[in-house]
Amino acid sequence: MFKDIRQVVKDSILYGMGNIAVKLVGFVLIPLYTDEKYFSPADYGLMGLLEVTSQIIIAVMGLSLFSGLIRWYWDDEYKDRQKSIFFTTLLFTFATSIFVGGLLWFNVDGLSALILYGEEYTMASRVPYILQLLILYSILAALIELPQNLLRLKSKPLFYSLSNITRLLVTLVLTVYFTVSLERGIWGIYEAQLIGVAVQLIILLPLIIRNSSLHVDRACTVQLLTYSYPLIFSAIIGNLLTVFDRYFIKSFQGLDEVGFYSLGYKVGNTLKVFVVTSVQLALTPLLMKKMNDPDNKRFYAKVLTYFSFGLMFCALGLNLFSREGIILVTTNPDYINALYVIPFITYAIFFGMMRECCLIGLQVTKKTKIISYVIVSITILNFVLNMILVPVMGMYGAALATTLVQFVAWFACYVYAQRYYPIPYELSKVWKVLVVGTVLYLAGIMVNGVNMWIGIVIKCGILASYPFLLYWWHFYEQEELVNLKGAWVKWSNLQNLKENIRNIKK
């Protein structure tokens, strides 16, 4: 089992490089986006609305068929038809993307009016053109999901990362050129994103051709659609979870507060982008491959335990140092309002990770309809909570609603999954992780008023105490302590550093 865990860690690092590359533009350019010389808080708020709107469009276009591809690609019954499975999913995704994109393209004026309803925005005349760019970008992004998932299925993390890094560099350079040199504003950002994703698709084109068989397998298509269609609604409605908050904030507080909230959400979401998604890219194919192994349930249980341990450490570090980070990367002091949004988002991501880990039982037993029902239910809950909390608490109410909804989602998925496929999760250890992480974060808040450099030193000490407090609370098993000691001995010897890195690459 520990061999599998090490493989996940190795692949997570490689996939993480590529995954981070896709999302890094938004983080690297925060100093530019929050500089009032180029963008106002209202501009940044509009970017936040458009970002989550694009996620919904991509979900509709993709039909969640990549989930069916992942589930059936290694199934023994279909191993000899892998190329036709891939071509079928690609063809359906292309057709849906063109259809949905066409409908949106001819209604951009109405969509623009809907997004800006009740808001006086100085660049309103440019919004329809920005939406057209967003539609084209979403079509290409929906198509790219399939070859990207194929690379995961074939365990090609290096190629995966290189294609994403290329897209990052193209997008980053063009964004700066279009917005700073040519002063093209928000539409320059989306022009750069469109060119970047087009370059990535060209890079992936040989892979697509090699792994396609120009044949639509009808039997396979039925299986794919039967498995995927319940997930379509959960994917679309699930993305609405990240839309309600911004639109409610815009309605009750205005675009400026959407900008502040978007910054806090983006900083908190680094936890998902840099850690959760990177691990899941490596982990998901392995979870499916192990579903028939005799020790699979213990492996699934340990995945939740170790994932919780590592994720809380990263969440604690992000929460402790977010104040210093915002001060360093923003030129407008008003953005410090985003500070206390971040902890709510990191805890929401933590519960979201728990939910994803517990879904394996429903995926193995093909109970995807239950996943859809849960997502629909919590989306309604999210709508109600935002309606109640945002008028009273503003963006902090939206952040609190996000956390509560993700906790409820985890609990519901856990209960249903255990009913159909019981797994002995170590929930007592997960709660220890939550308690220790929360107590240490509250301790860190108390030093926010001291000198920044003194505070950083104290916070480093608080962060370093995390694994030791868990040791004191009997979190680790003896076998885990032996492995940790071996890892320390191996990596603490700097003379063997190059050899150890070389072994990771192998």
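Analyst: Ring pairs join Phe-350, Phe-351, Phe-407, Trp-410, Phe-411, Tyr-414, Tyr-425 and Trp-431 into a cluster; here rings of Phe, Tyr and Trp (its six-membered ring) count as a pair if their centres lie within 6.5 Å, and a pair is called stacked with planes under 30 degrees apart, edge-to-face over 60, and tilted for the rest. The model is a predicted one, in which local features need pLDDT of at least 70 and side-chain atom pairs count only at pLDDT 80 or more, while totals for chains, interfaces and linings use all residues. Residues are numbered from 1 along each chain as its sequence is written, and side-chain values use heavy atoms, with hydrogens and water left out.

Searching the whole structure gives 22 aromatic pairs. One of them is formed by Tyr-414 and Tyr-425, a tilted pair with 6.1 Å from centre to centre and 50° between the planes. Because Tyr-414 lies in helix H17 (residues 395-420) and Tyr-425 in the loop between H17 and helix H18 (427-445), this pair ties together parts that are 11 residues apart in sequence; helices here are DSSP runs (H or I, at least four residues), strands are runs of E (at least two), and the numbering starts from the N terminus. Tyr-414 counts as buried, at 18% relative accessibility, and Tyr-425 is likewise counted as buried, at 10%, where buried means under 20% relative accessible area, exposed over 50%, and partly exposed in between (1.4 Å probe, protein chains only).

Ala-301 has its place in helix H13 (residues 296-329) and is buried, with a relative accessible area of 4%. Ala-301 and Glu-426 are 125 residues apart in sequence, yet 6.5 Å apart in space from C-alpha to C-alpha.

For the chain as a whole, there are 22 helices and 0 strands, and 55% of the 506 residues count as buried. Of the contacts in the protein chain with a separation of 6 or more, 83% come from residues 24 or more positions apart.

Technical notes:
Contact means heavy atoms within 4.5 Å.
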